[in-house]
Amino acid sequence: MNRIGCISVNYRSAPVEIREKLFVNPQDFQCICARDAEIYALATCNRTEVYWTGIEERAVLERMEALSGIPGETLLKSCEIFRGEEAIKHLFAVASGLDSLVIGENQILGQVKDAYRAALAAGTTSVFLNKALHRAFRTAKRVRTETDIGRYPVSVASQAVELACHIFGDIGQSSSVLIIGAGEMASIAAIRLKERGARDLSIINRTHSAACDLAMELGGKPKPFEALREELARCSIVITSTGSPDPIITRAMMDEVMKRRRHEPIIIIDIAVPRDVDPEAGKCYNCYLYDIDALKAIVDKHITYRKEETDKALDIITSEVERFGKWVRSLDAQATIRDLFALMDEYIASEMGSNSLSPEQRAAVEQKLRISLKRFLHRVASFLKEHPTLPNIEQARRIFQLDEDYQDRHKG
């Protein structure tokens, strides 16, 4: 386990003016990735991390310094360094969303996988880091399926969408959706709605070109600001987040709109500050109005729920780190040879337990089996003793399914 190291420049350790200078990829490290060395680089908006084995830590730091232009002393002060088991634990936590700015966010796993594909294309990972990363993916999947850490939305925009879906059910089939605004919050809400299947999506913004850009990105329909009343009368779900200093939806406007709708229910979710909707508008019959305070109260509860699930997730990570450590300890020629002969004993016991031979016959058959299998395994054992490289050892373990990843070896 001591063979792995990690340098992490992240949202905890460095300000954005440092992080933005460090955007690396595996090709950047090919020049220090000699034979039997491996390296994996992950770069997101909140972190840049480099994992390695078979390379001096100083060489990795110097390469990051050269790539970013950040002085070595500053870089050291701006990073966290993990070694051995702590590096593996950190990787598993990152992939599982436990080291994110928002605990439990799931976007990071896709970024970890994308970075891994880039490393494979660059040829900078091999047996050790490949195994570590696949274990990280497995760990993240367990955290997602065995805990509720990602169940509750923890952004106001996402919660607005969840609320709309809760009220209207399948919004992809019959609900018309109006997004007012094209800024960050409105964009997040629009993206989440699209992910949840919204097909009839209209976008209104005072700057029509911004509405057009967002609509083009999401396959929605841009509408001029003058069409606000018409769209309110047509749509069932409205999410608004503009920078207007005054309400853009008034009580008088909604009185008129609800008459045109024949009082068909409408939900308006106002996530703007200052508010886009006059609170009096929510008093119209069948007009359901939620503001950012109502959503934030829900989000705060969800953050608490996620934190409560963290302990369960950490237990999963601990167990997966232990499993990985067991595999690392097996990466030894002698240990693999012992496991091969233990597998032979297991196979013989299984075969001898499924027949009705006499004691004398059993002893004779068992002796013949043992001699034959030892002769067969001797070739493998001799090869591993003469060529005890990591790829050879791992290949032998994979062929004979010696590790716990291969539970099906007992079947059939």
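The protein chain contains 16 helices and 10 strands (DSSP runs numbered from the N terminus: H or I of at least four residues for helices, E of at least two for strands). Its radius of gyration is 29 Å, well over the 22 Å given by the globule rule for 412 residues, so the chain is more spread out than a compact globule. The radius is taken over C-alpha atoms, and the rule is 2.2 Å times the number of residues to the power 0.38. The C-alpha trace spans about 100 × 65 × 35 Å along its principal axes.

The model is predicted: local features need pLDDT of at least 70, side-chain atom pairs count only at pLDDT 80 or more, and totals for chains, interfaces and linings use all residues. Residues are numbered from 1 along each chain as its sequence is written, and side-chain values use heavy atoms, without hydrogens and water. Mean pLDDT (the predictor's confidence in each residue, from 0 to 100) is 86 for the protein chain, and 91% of its residues reach 70 or more. Over residues 406-412 the pLDDT is below 50. Beyond near neighbours in sequence, this stretch has nine contacts (heavy atoms within 4.5 Å) in the model.

Of the 412 residues, 47% count as buried (under 20% relative accessible area, with a 1.4 Å probe and protein chains only). Glu49 lies in strand E3, residues 47-53. This residue is buried, with a relative accessible area of 0%. Leaving aside residues up to four places away in sequence, Glu49 touches Ile7, Ser8, Tyr40, Ala41, Leu42, His90 and Val94. The C-alpha atoms of Glu49 and Val9 are separated by 6.2 Å, although the two are 40 residues apart along the chain.

Technical notes
Buried < 20%, exposed > 50% of the residue type's maximum accessible area, 1.4 Å probe, protein only.
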